[in-house]
Amino acid sequence: MRHRPGQPLQALGGGALDWARFNHYIASFAVTDTLIAATSPPGNCYGLWHRHSGELIRIAPLPDASGAVANNEQIWLSSGHGGISQLDNSGREQRFYSAYQWDNHWALIDG
């Protein structure tokens, strides 16, 4: 759901099968000026929407998808299996892997 002051709640896009992929659980979400991302560990996926239209861009696999944080028009997503996905402001994804098992309690620390 999206909300703008003075307006009713608006549902994010996606059909019943799209939403079923989340297996009734969203762990984290991150928002930039153009995108909204949400992770689902039991769904082993993340969803990506256009912020202003609410249109679903994609639901993509990410094993044990957990944390989400936005920084400088980028979204970073974590996986309990060590994966890290970086999404640019158009939704293009780069994946990295580490030896760490990430959870959904991510925070941006800017030094």
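The model is predicted.

**Whole chain**

Start with a cartoon view. Look for 1 helix and 8 strands. Follow the chain along the sequence, and the pattern reads α-β-β-β-β-β-β-β-β.

Now show the C-alpha atoms. They fill a box of roughly 45 × 35 × 25 Å along the principal axes. A compact globule of 111 residues would have a radius of gyration near 13 Å; the chain has 14 Å, which agrees.

Of the 111 residues, 39% count as buried.

Next, colour the charges. There are 7 positive and 9 negative ones, and their mean positions are 6 Å apart.

**First ring stop**

Select the aromatic residues. The chain holds 5 aromatic pairs. Zoom in on Trp19 and Phe22. Their ring centres are 5.5 Å apart and their planes meet at 35°, so the pair is tilted. Is Phe22 buried or exposed? Phe22 has 2% relative accessibility, so Phe22 is buried. Trp19 has 31%, so Trp19 counts as partly exposed.

Move to Trp76 and Phe96. This pair is stacked, with 6.3 Å centre to centre and 25° between the planes. Trp76 sits in strand 6 (residues 74-79) and Phe96 in strand 8 (residues 93-97), so the pair links parts of the chain 20 residues apart. Trp76 is partly exposed at 25% relative accessible area. Phe96 is partly exposed too, at 37% relative accessibility.

**Last stop**

How values were computed. Residues numbered from 1 in each chain as written. Predicted model: local features only at pLDDT ≥ 70, side-chain atom pairs only at ≥ 80, totals over all residues. Heavy atoms only, no water. Helix = DSSP H or I, 4+ residues; strand = E, 2+ residues; numbered from the N terminus. Rg over C-alpha atoms; globule rule 2.2 N^0.38 Å. Buried < 20%, exposed > 50% of the residue type's maximum accessible area, 1.4 Å probe, protein only. Lys, Arg positive; Asp, Glu negative; His and termini not counted. Charge placed at Lys NZ, Arg CZ, Asp CG, Glu CD. Phe/Tyr/Trp six-rings, centres within 6.5 Å; stacked < 30°, edge-to-face > 60°.
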